[in-house]
Amino acid sequence: MATELSPIPHQSCAGVDGHHLLGSVSPHMKAEITVPQIMWTVVACLMPPLILSVFIFGFQTLIITVVSVISCVATEAVSEKLMGQPITVKDGSAVITGVLLAYVIPPGVPLWMPISGAVMAIFVTKVIMGGLGHNIFNPALIGRAFLVATYPVAMTTAWLEPIRDWTIFRHMGSGVDALSSATPLYVLKHYGMAAVIEQFGSRVSLYTDFFVGMMPGCIGETSAMLLVLGGVYLIYRGYIRWHIPVSIIVTTGVLTWIFGGERLFAGDPLMAVLSGGLMLGAFFMATDYVTSPNQRTGQVVFGIGVGALTVLIRLKGGYPEGVCYAILLMNPLTPAIDQLFKPKRFSQGAVQ
């Protein structure tokens with residue numbers, strides 16, 4: 001995703017003609033578009049899932065998202081000021097991190113949790129690492145991983161049943177715990193596919209609700225329809241490539257079909273790709289410029305790795321969802337993948 005692209009601090013050296021040559025670390029992009037333009041376009045693509053989440057889970061999802069965004073922006077501004085770095089909040093990257101952090105936490109969490117996650121995502125994962133463009137891991141996912149590790153009960157139980165009568169203020173106030181519900185992936189992992197179908201009435205209703213977003217889950221990950229539309233628009237604009245999202249989705253579907261059932265080739269690939277955070281992760285997190293490979297072949301390998309790890313964690317791990325940790329496990333392999341698939345030199349003598 002175009003969440004962490006930035007002009008990278010560069011070093012200058014004198015060329016043979018006296019002019020200065022600029023060198024910087026990847027990623028490199030030659031285009032007329034600017035970093036803020038990319039960032040704010042991504043923010044716009046992330047707004048439809050937020051609007052839908054307000055109607056599905058209640059008005060508190062908007063409050064959680066706003067708190068997360070403000071916390072990320074404030075953390076970045078204050079920490080950069082204290083560390084003597086240029087303040088970069090206008091580029092929109094902290095806003096995207098705040099939105100994505102809110103999108104990967106349950107809608108029933110208290111407001112102090114996104115604040116804690118924001119400090120970890122921005123200060124620890126981004127600013128301390130050197131600022132925009134130098135982070136090894138996706139900041140929003142580190143924020144989520146931190147919250148899961150420190151507040152596991154809230155992060156795994158604060159799910160809310162979708163509101164089907166559009167009373168968006170229902171979950172605000174007392175009585176939220178009584179309305180909590182397990183996610184489909186949790187039901188599938190512990191009770192089997194029959195229990196999931198029973199929960200949604202029929203297999204057709206299950207697929208329809210999953211595609212629209214009418215299922216328990218994190219704030220911004222439930223609507224595959226809106227996330228795919230936003231991702232396709234970013235691909236159309238050339239802000240991201242299709243290689244990582246398609247590789248993740250196809251790998252997850254195929255491996256789930258092979259190994260996800262009671263016998264081989266009996267799993268449900270459609271449920272696997274429509275449930276959990278797969279679409280959000282595939283289009284808006286795994287495609288982060290800084291923490292994903294630059295070359296097309298490397299991007300395919302990266303996507304296959306994310307999809308394979310997602311299925312492994314879902315089927316064999318103790319946690320029913322694996323997209324977050326799959327992406328984080330692949331992030332530090334990005335330099336090695338880039339090195340492995342870097343373009344070949346046409347002539348050794350040309351660089352001597």
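Select E76. E76 counts as buried because its relative accessibility is 0% (buried means under 20% relative accessible area, exposed over 50%, partly exposed in between, with a 1.4 Å probe and protein chains only). This is a predicted model, in which local features need pLDDT of at least 70, side-chain atom pairs count only at pLDDT 80 or more, and totals for chains, interfaces and linings use all residues. Residues are numbered from 1 along each chain as its sequence is written, and side-chain values use heavy atoms, with hydrogens and water left out.

E76 sits in helix α2 (residues 60–82) and K126 in helix α4 (residues 112–127), so the pair ties together parts 50 residues apart in sequence. Helices are DSSP runs of H or I with at least four residues, strands are runs of E with at least two, and both are numbered from the N terminus. K126 is buried too, because its relative accessibility is 1%.

Next, select R203 and D268. Their closest N and O atoms are 2.7 Å apart, in a salt bridge. R203 belongs to helix α9 (residues 203–212), while D268 lies in the loop between α11 (243–259) and α12 (269–274); the two are 65 residues apart. Which of the two is buried, and which partly exposed? R203 is partly exposed at 38% relative accessibility, and D268 is buried at 13%.

Last, select R314 and E321. This salt bridge has its closest N and O atoms 2.9 Å apart, and both residues are buried. The search of the whole structure finds three salt bridges.

How values were computed: Salt bridge = Lys/Arg side-chain N within 4 Å of Asp/Glu carboxyl O.
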